[in-house]
Amino acid sequence: MAVSSRTRVGIVGAGPAGLMLAQLLSLRGIDSIVIENRSREYCEARQRAGMLEAGTVAALRAAGAGKRLDAEGLEHDGIYLQFSGERHHVNFRELVGRTVTVYAQTEIVKDLIAARLAAAAPIEFSASQVSVSGVTTDAPVLSYVDAAGVAHEVTCDVIAGCDGFHGISRPLVPGLSVYERSYPYAWLGILADAAPSTDELIYSRHESGFALYSMRSPDVSRLYLQVPAEEDLQAWSDDRIWAELQKRFGLPGWSVSEGRITDKSITPMRSFVAGPMRHGRLFLAGDAAHIVPPCGAKGLNLAVGDAIVLASALSALLVEGSPALADDYSDACLRRVWRATHFSYFMTSMMHVLPGDPFDDAIQRAQLRYVTSSHPAATSLAENYSGYDSPVVGG
Ligand code: FAS
Ligand code: PHB
């Protein structure tokens, strides 16, 4: 016999989308429960994004989860684009008056979980048999078995599917329009105990392949290498990784600082957009509805943006009885998602090398030459990278 309870919003998934939504709803006095099928430790340790748009930084502050971000985040004026032996700085602060901040997704998840637990808000980790029913009624049910093996049925006003690309929510939306592109390469990412030898991120297009020099702190580097789509991680020893990074970033008198590699993984590249992001009382947010290749640093920022828009829509619907924002939720999100999807595709296709394709090679270098020499072109990149049309908390 399941334990029955009631709340206003049932949230599936304790990633950035689900946690930010729960936090923003609570600021509006709207109760929710977050159901997560992984452990808290797993969620807090999962190595993913690291670059925050200006709007995301402002939103985390407004949500009351910005204290450590302000203390430990690394504010950057822009990025470097490297190609044909040249390294060019694109200064967002000068071009569009916005900066970006390096602060790991792991830390955002920790900060939001801490904020929810400090408010004694319900988050169930390590749940199993999670399911959703009744989304076309006005009392959908979120069912799960908790870590102690007790079955629960939570009757909600609304369900938020924040359960990522492989979650259970998107399949519940009938007649989805799906747009997808897979890329013939992947990213091998490492975390290393090495003080970065650059002050800001370097996106490097080398004839051997793309590489990204990011960081997590003054002592920890985060670096990525373009590898073939089906690459086996076992084929990459630490020495081979460092040698390839030195080759792809190397400039006379400058080198990558090396150290102990503490995390290694391969991430496939895909663009994916599914809509509508709503069906009855089910609303999708974040990777549950869209995936972007990480070269544009958009995935996490899109997830937070969806949570901001959804929190406003649900507040209007559930508190004021006004359905207009909820009715427009999917279209409003998809306009922003498609802009970010194009920018991520633009950065990915400009930076990644397709071996044996001299036309593509020439086109990419022409685009890079243009973006690093034309003020309007650099301004467009700066506007998109630092956050175009970012939603505002309470907007
Ligand atoms: P998430 O996937 O983060 O969270 C979904 C949550 O739902 C997870 O905790 C999952 O365990 C849970 N869940 C799934 N099914 C469930 C079920 N049935 N019941 C309950 N819970 C369930 N973005 C960048 O900007 N830069 C990057 O470098 C970058 N690197 C990435 C590397 C990898 C390997 C991946 C997968 C993504 C990467 N991303 C990157 C994108 C990433 O940051 C996402 O955009 C971000 O995590 C999206 O947040 P959510 O939508 O909350 O989804
Ligand atoms: C990261 O720091 O993990 C990161 C930064 C920028 C990107 C992708 C990943 O485009």
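How many nonpolar, polar and charged residues does the shell around ligand 1 have? The points below take up this question first and then turn to contacts and helices.

1. The structure under review is a predicted model. In this model, the shell around ligand 1 is made up, by class, of 15 nonpolar, 9 polar and 7 charged residues.

2. There are 31 residues around ligand 1, and those that come nearest are Glu-36, Arg-46, Arg-48, Gln-105 and Asp-287. The student may wish to find these five names in the structure before reading on.

3. Glu-36 approaches the ligand through its side chain: an N or O atom there is 2.7 Å from an oxygen atom of ligand 1. For Asp-287, by contrast, the atom concerned is a backbone N or O atom, and the distance to an oxygen atom of ligand 1 is 2.8 Å. Leu-300 also has a backbone N or O atom facing this comparison, at 3.3 Å from an oxygen atom of ligand 1.

4. How much of ligand 1 does the protein cover? On its own, ligand 1 has 990 Å² of accessible area, and the protein covers 86% of that area.

5. Two elements give two or more residues to the shell around ligand 1, namely α1 (16-27) and α8 (299-318). Helix α8 gives the most, with 3 residues.

6. Helix α9 spans residues 324-351 and has 28 residues. From its first C-alpha to its last it reaches 41 Å, which is close to the 40 Å expected at 1.5 Å a residue.

How values were computed:
Residues are numbered from 1 along each chain as its sequence is written. Chains are lettered from A and ligands numbered from 1 in the order in which they are written. This is a predicted model: local features need pLDDT of at least 70, side-chain atom pairs count only at pLDDT 80 or more; totals for chains, interfaces and linings use all residues. Side-chain values use heavy atoms; hydrogens and water are left out. A residue is near a molecule or strand if one of its heavy atoms lies within 4 Å of it. A polar contact is a pair of N or O atoms within 3.5 Å; within protein, one must be able to donate a hydrogen and the other to accept it, and residues adjacent in sequence count only if both atoms are side-chain atoms. Accessible areas come from the Shrake-Rupley method with a 1.4 Å probe; for residues, only the protein chains shown count as cover. Helices (H or I, at least four residues) and strands (E, at least two) are DSSP runs, numbered from the N terminus. Ala, Val, Leu, Ile, Met, Phe, Trp, Tyr, Cys and Pro count as nonpolar, Asp, Glu, Lys and Arg as charged, and the others, Gly among them, as polar. The expected span of a helix is 1.5 Å times one less than its number of residues.
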